[in-house]
Amino acid sequence: MSKPVLWITRKLSANTEARAARDYDVILNPEDRTFSADEIVAMSQKVDAILPCHSECFDATTTARLSDRVKIIANHSVGVDHCDLAVLKARGIVVTNTPDVLSDATAEIAMLLLLGAARRAAEGDMLVRSGNWTSWSPSFMVGTQVTGKRIGIIGMGRVGQVMAKRCRGFGMEVYYHNRSRLPEGLEQGAIYHESLDTLLPVSDFLSLHCPATPESTGLMNAARLSQLPKGAILVNSARGALVVEDDLLAAIESGHLAAAGLDCFVTEPGGNPKFASHYNIFMLPHIGSATRETRDAMGFRALDNLDAFFAGREPRDRLV
Ligand code: DGY
């Protein structure tokens, strides 16, 4: 029996690609180039399944143009804001994602952002690296202590819960907002806030862990940023769309926020050039899940979903 034809849109881990090549008639992308909407549509005529990343956009327009041959989109990501799920569902295309397996790696990056922003990592690195570190005194490069502070977490799903655990390890008090309150066993002492209006004023640090949806787009705007205590620090390892970047910039420039740590931007790749001169904005290029272990785990999870689908079973991470 011939194998299903699978298009893997980006270069994935060697282990993932080897397993895919064993089980599918696979089309790889060794140059790791990106594809336009027209190229995605053209390729859809040749394949039964697509294993994309969040760099490929399946919005309503592209999805409407996909070939009927495509039966499943098995994402190599937990976030699916690049997919119009309603339109994909209407087209009868199954969509899966890769939850759980990247929670540790992403929470590690959130913690790195939190620490880096609090302790002025970008500025310190730049000083030493450029040879401009010429003096030291007790008043030099003084930052914000993390231990004993209050962390507010928006989105207490898998990544948010790991982040809460890491923060407890640093002696922080954990407060959170989520669509629904967690069972006590999962809360681990974290204090639930039904409303952001009460969470934000108690958040010395605020870490975003919710998906980007039409409802959460622009969540952290000027009004919400102003509800944080003066000197607060914002961490975003979720999606750039959650933050109104001009409002964040204004809050940094006014000194209302002491710093920010960002792994995600409205424009990716690239980021926001307006942030570049602000060394109290510690930035990374969307690498939350970029560890060798997690890349293998994400690839395998996507392949598990495909294997289940083509074996006539329900994929574990089916979204539509
Ligand atoms: C995810 O899985 O959503 C990460 O942001 C990488 O795409």
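Which atom of Gly79 lies 2.9 Å from an oxygen atom of the ligand?

Analyst: A backbone N or O atom of Gly79 is the one at 2.9 Å from a ligand oxygen, and this is a polar contact, a term for a pair of N or O atoms within 3.5 Å. Before going further, please note that this is a predicted model, in which local features need pLDDT of at least 70 and side-chain atom pairs count only at pLDDT 80 or more, while totals for chains, interfaces and linings use all residues. Residues are numbered from 1 along each chain as its sequence is written, and side-chain values use heavy atoms, with hydrogens and water left out.

A polar backbone atom of Val78 is 2.7 Å from an oxygen atom of the ligand, and an N or O atom in the side chain of His286 is likewise 2.7 Å from a ligand oxygen. Taken alone the ligand exposes 230 Å², of which the protein buries 89%, the areas coming from the Shrake-Rupley method with a 1.4 Å probe.

Around the ligand, counting residues with a heavy atom within 4 Å of it, are His54, Ser77, Val78, Gly79, Leu102, Arg239, His286, Ser289 and Met298. This shell divides into 3 nonpolar, 5 polar and 1 charged, where Ala, Val, Leu, Ile, Met, Phe, Trp, Tyr, Cys and Pro count as nonpolar, Asp, Glu, Lys and Arg as charged, and the others, Gly among them, as polar.

How values were computed:
Polar contact = N/O pair within 3.5 Å; in protein donor to acceptor, adjacent residues only side chain to side chain.
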